[in-house]
Every structure is written in C-alpha cells, then in structure tokens.
Amino acid sequence: MPKITWINLLHFYQPPTADNETVIEAAETSYKRIISALKRNRQIKFTLNLTGCLLDRLDNLGYGELINDLKALFLNGQIELTGSAAFHPILALLPDQEIIRQIKLNQKILKKYFSEKFKAQGFFIPEAAYGVKLAKIIKKLNYHWLMLDEISAGGLKSNQFDNSRLYIDKNSGLKILFRQRQNSKKYAPQVIFKLIGEPEDKTVVTATDAELYGLRHKDFSYAFEKLLKRPEIKTLTAGEYLAGLSRPEKIALRASSWESTEKELKN
C-alpha cells in the first residue's frame, strides 16, 4: 500500500492586541480541536509553533487545562515545538538587539510552560520572513533548522525540490524545511485525501496557521479527523523528517516571506 508521509507545521498565534473574544474563539474552534484529535490518535505527530504571547494570554484566560494537554503531548513525543519571537514581529526588520530579545523571551516563556530544560531545535520566523542577517543570528542562538516557503529558494515551480535531499542555507548553515505552498494554501486534509490511492509514495510538507483548522475553514465533513485514522498516512515532526534526509546541498536564499509573490520580489 503506497504511503503518504505528512509533515505538518502549525502556527498558533493571536496578536497581543486581539480582544479576549477573538482569542477564546480561536481556542474553542481550532486549538481544542487539534489537541483533541492528537489525543485520540497517538500515532500522529505534528510540529507546533506556539508564540509566547499567546501562551501567556491563554493562561490568563483560564486555559490551563489546554496548556497542560499541550505539555502532555510534548512530553510523550507527539508534538515538536519550535522557537520563535515572543510577540510575532517581522524580525528581519528589527535591530539585532531586539531580534535577540524577542527570541530569548519566547524561549523563556516556553520553558515556563513546558520545562526548564526545554530547548527548541527548529525555528519559526514570523511570516517565514527570511533575511540573511536574521538567519545568522538564529544560528548563533543554537537553532538548527528553519521552515521557509519554497519561494525563498527562487521560485514556485512544481517538483522544484527533491524530498529525499537535505537543503542547507548557504548563508547561515541552517537546515531548511521547505513548505509546499500549493498544498499549504489549500485545506491540507482535503489535499491529502485526494492523494490516497495513487500508485506512488508521496511526501507532503505543509505549514499553516493553526486557526485554519476550525476557525477559518469549516470542515463539515470532518476530513481532518478522518484523515488521521487512515492507515496510508504516516506523520513525522519536522525534526524527524530533516534527520532522515541525506545528500546535503547548500543553496542561496533570498529575502522573502510565505506570502511573497514573484512580482513583489522582482520589484
């Protein structure tokens, strides 16, 4: 039976200025749904970016049980957590000192909720907004990999990347997880369901806002929950996937974000 390997990175974030009702709606419709699905399917693994400002906000709003569920999933290896910036600024536009402060503050907040010994291996740049100077700072802070959009490596051509090859940023030495933009721009569970039954193994790499799962996309058929039970589906954390790759290739990356277009970059 052909397998589909799914690497799914979910970005949990609400602006610090969001009102309580907005954060509660995201927690009730999306965050609880994702956590519940993981608890019911112990074989499933995802990579999560939990911004520090959101964790503190959820705690202040009485979502201690939700945070405890996340901690349990982390401790049993079902979720991998990334580093990031505590308040989700566009890091590449900030002075070095503020970049470092934001990253260290986020790490401090994650340690408060998950473990004093916790240290993320991967890093989620807000908006996947890459810059050379920023990547070098992230590397100096002892992170090992980044998630970026395919456009950061020069384009959005189909089959641009070899899913068995390890790509390394020539500027910083960081490993790169490239999200597949076309699959990430759609509702991933529906995309993957369409691949089931194809004759060859497939690798799907998606990175989206966590709020897509419930708040922003109404999944009336419960495709997400049904997909996680399918025997054809194998999930890996981003770190596990990158660790299994070989034939490293250094590539030059360009300043861009996960919403950049070719026209914008040309201009």
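Okay, ground rules before we start. Residues are numbered from 1 along each chain as its sequence is written, and side-chain values use heavy atoms, with hydrogens and water left out. Since the model is predicted, local features need pLDDT of at least 70 and side-chain atom pairs count only at pLDDT 80 or more, while totals for chains, interfaces and linings use all residues.

Let's begin with the aromatics. A pair of rings is described by the distance of the centres and the angle of the planes. Here, rings of Phe, Tyr and Trp (its six-membered ring) pair if their centres lie within 6.5 Å; planes under 30 degrees apart are stacked, over 60 edge-to-face, and the rest tilted. By that rule the structure holds twelve aromatic pairs.

Take Phe-46 and Phe-224. They are stacked, at 6.3 Å centre to centre with 25° between the planes. Phe-46 sits in strand 2 (residues 46–50) and Phe-224 in helix 8 (residues 223–228), so this pair ties together parts that are 178 residues apart in sequence. When I say helix or strand, I mean DSSP runs numbered from the N terminus: H or I over at least four residues for helices, E over at least two for strands. Both Phe-46 and Phe-224 are buried; that's under 20% relative accessible area, with exposed being over 50% and partly exposed in between (1.4 Å probe, protein chains only).

Next up, Phe-123 and Tyr-143. Their ring centres are 5.0 Å apart and the planes are at 70°, so we call this one edge-to-face. Phe-123 is in strand 4 (residues 122–123), and Tyr-143 is in the loop between helix 5 (132–140) and strand 5 (145–149), 20 residues apart. Phe-123 has a relative accessible area of 0%, so buried, and Tyr-143 counts as buried at 2%.

Tyr-143 has something else going on: the charged end of Lys-119 sits over its ring, 3.5 Å from the centre. The test for that is NZ of Lys or CZ of Arg within 6 Å of the ring centre and within 35 degrees of the ring normal.

Now some single residues. Where is Thr-51? You'll find Thr-51 in the loop between strand 2 and helix 2 (52–60), buried at 0% relative accessible area. Leaving aside neighbours within four places in sequence, its contacts include His-11, Phe-12, Tyr-13 and His-88. Contact here means heavy atoms within 4.5 Å.

Two of those partners deserve a look. Phe-12 lies in strand 1 (residues 4–12) and is buried, with a relative accessible area of 2%. Beyond its neighbours within four places in sequence, Phe-12 touches residues including Tyr-31, Ile-34, Leu-48, Thr-51 and Glu-211.

Then there's His-88, in the loop between strand 3 (79–81) and helix 4 (96–114). His-88 has a positive phi of about 60° although it is not a glycine, and at 11% relative accessibility it counts as buried. Arg-247 also has a positive phi, about 50°, and is not a glycine either. Arg-247 is in strand 10 (residues 246–251) and is partly exposed, at 38%.

Leaving out neighbours within four places in sequence, Ile-233 contacts Ile-4, Ile-192, Ile-196 and Leu-227.

Finally, the second largest pocket. How big is its volume? About 290 Å³. Points are joined across faces, edges and corners, and the volume is the space filled by probe spheres set on them.

Of the 16 lining residues, the closest to the centre are Thr-208, Asp-209, Arg-216, Trp-258 and Glu-259. Helix 6 (181–185) and strand 8 (202–209) are the elements giving two or more residues, and strand 8 gives the most, with three. By type, the lining has four nonpolar, four polar and eight charged residues. Nonpolar is Ala, Val, Leu, Ile, Met, Phe, Trp, Tyr, Cys and Pro; charged is Asp, Glu, Lys and Arg; the others, Gly among them, are polar.

Key: 1 Å grid on protein atoms, 1.4 Å probe; cavity = no way out; pocket = protein on both sides within 12 Å on 5 of 7 lines; lining within 4 Å.
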